[in-house]
Amino acid sequence: MALAAATTLLGGAMYANANAASVTPDPSTSASPTTPGSTSPTNPGSTSPSTPISASAPEPTGTAGTGSSVSDVVDAANAFLKTLDDDQQADVLLDFTQANAVAWSNEACGADCRVGIELSTLSDTQLTAAKAVVEAATGTGTDTGYDQISQILAADDVLGETDSSYGSGNYYLAFLGTPSATGTWQLHFGGDQLAVNLTYKDGEVVGATPYFAGVEPATWTDDGTTYAPLSGMHDGMESMLEGLSDDELSEAKLSDSTTDVVLGPDEDGDFPDTKEGLAVSELTDDQQQLVLDAITPWVEAADDTTAASTLSTYKSELDDTYISYSGTTALDTADDYVRIDGPGVWIEFSVKDGVIDTSQLNYSSVYRDHDTDYGGEFSFS
């Protein structure tokens, strides 16, 4: 698959450190980072050349995630850490606190609203290793999991050609807690169109949310290949709504218009007390399958084993799940909005006009779980 955008990282005033990766650490002088609970590799020396280079962003190559085991994710994390010097490790290895966990946003606010190490500061070798961590941790589907993530970053490079505050180099990676097959920690990755929060405990994924996925432009073509990272999410929601009768649509329609996702950044734990819309229990088996199909692309952001288990749970909860929408059912006009809200699952999909290119649509979506956001480690009541 061809590149969706230029791979040279773009930087504005907020990202003036884009060439920091040209510094070659000296393994003989390295010391363990001071972050509590961290396990510093004994050989943090980078293999990057001593002359300045321009790091390349992760490319939308169509490669899906590897669907690896947790131990493989830990191995990839440790391999990445070994490419970093002490200062870089200190940026990556952070405490698993509520403040660090909720530090994600869908705004182009850089380090002001995020934690971790910025991709634009990494050498090619380091960036490849960072990419391998995300790849090992995410799903193997087309337009879901790692494939979707790489395309979202490429979309930011498209925006970066117009506005340098955007770009795949402006994404951040952190490990909250020490990567381990026995302890509790989180893989924390994202930027203005993406937030990945995968929480691990005793060798299992105990939380795959919040997961924010957005894109602008919604579609674009590069070198003869058309990209549409959120097409599966959009089409699943549209098919779900199209499967409803007029009476069911009337019951599902929200009384007020919703112009953006409700439970985006800084809205942790603010689930409505009362579910709104149409009860899935009132639907036929075929209609309920459309609801489950609509849920699937978000769940498949996580590794395949976790996705299958989570989807099975949400299927068992369909009778207590509700769907609602505002705007039109085609999801092709600004302020179109749709929601799925169950005992566990919470998914929103919002259509807006483009921010950088107003002739294009901007899709925003958020996937949360009432019980397992951030692995259920924090109380937001």
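Trainee: Where does Pro 210 lie?

Mentor: Start with the labels: helices (H or I, at least four residues) and strands (E, at least two) are DSSP runs, numbered from the N terminus. The peptide bond from Thr 209 to Pro 210 is cis, with omega near 0 degrees. Pro 210 itself sits in the loop between E6 and strand E7 (211-215).

Trainee: What kind of model is this?

Mentor: Residues are numbered from 1 along each chain as its sequence is written, and side-chain values use heavy atoms, with hydrogens and water left out. Local features need pLDDT of at least 70, side-chain atom pairs count only at pLDDT 80 or more, and totals for chains, interfaces and linings use all residues, in what is a predicted model.

Trainee: How many helices and strands does the protein chain have?

Mentor: The protein chain has 381 residues, and 56% of them count as buried (under 20% relative accessible area; exposed is over 50%, partly exposed in between; 1.4 Å probe, protein chains only). Its secondary structure comes to 9 helices and 14 strands.

Trainee: Among contacts between residues at least 6 apart in sequence, what share joins residues at least 24 apart?

Mentor: Contact here means heavy atoms within 4.5 Å. Among contacts in the protein chain between residues at least 6 apart in sequence, the share that joins residues at least 24 apart is 70%.

Trainee: What is omega for the peptide bond from Glu 216 to Pro 217?

Mentor: Pro 217 lies in the loop between E7 and strand E8 (220-222). The bond from Glu 216 to Pro 217 is cis, with omega near -5 degrees.

Trainee: Why does Asp 223 count as exposed?

Mentor: Asp 223 is in the loop between E8 and strand E9 (225-227). Its phi is near 50 degrees, a positive value in a residue other than glycine. Asp 223 counts as exposed because its relative accessibility is 67%.

Trainee: Is Leu 331 buried or exposed?

Mentor: Leu 331 lies in the loop between strand E11 (322-326) and strand E12 (337-341). Its phi is positive in a residue other than glycine, near 55 degrees. With a relative accessible area of 0%, Leu 331 is buried.

Trainee: At what angle do H8 and H9 pack?

Mentor: Axes are lines fitted to C-alpha atoms, for helices over the stretch in contact, and angles run from 0 to 180 degrees between N-to-C directions. Helix H8 (residues 285-299) and helix H9 (residues 304-316) have their axes 10 Å apart. They pack at an angle of about 150 degrees.

Trainee: Which residues of H8 and H9 make the contact?

Mentor: H8 gives Leu 292, Ile 295, Thr 296 and Val 299. From H9 come Ala 307, Thr 310, Leu 311, Tyr 314 and Lys 315.

Trainee: How many nonpolar residues does the contact of H8 with H9 have?

Mentor: Ala, Val, Leu, Ile, Met, Phe, Trp, Tyr, Cys and Pro count as nonpolar, Asp, Glu, Lys and Arg as charged, and the others, Gly among them, as polar. The contact has 2 polar and 1 charged residues, and its nonpolar residues number 6.

Trainee: Which element gives the most to the lining of the largest pocket?

Mentor: On a 1 Å grid over the protein atoms alone, a pocket is an open set with protein on both sides within 12 Å along at least five of seven lines, a cavity is a set of points where a 1.4 Å probe fits but cannot get out, and lining residues have an atom within 4 Å of a point. Of its 18 lining residues, the closest to its centre are Val 205, Thr 306, Ser 309, Thr 310 and Thr 372. The element that gives the most, with 6 residues, is H9.

Trainee: How far apart in space are Gly 169 and Leu 153?

Mentor: Gly 169 lies in the loop between helix H5 (145-160) and strand E3 (172-176). At 3% relative accessibility, Gly 169 counts as buried. Gly 169 and Leu 153 are 16 residues apart in sequence, and their C-alpha to C-alpha distance is 8.5 Å.
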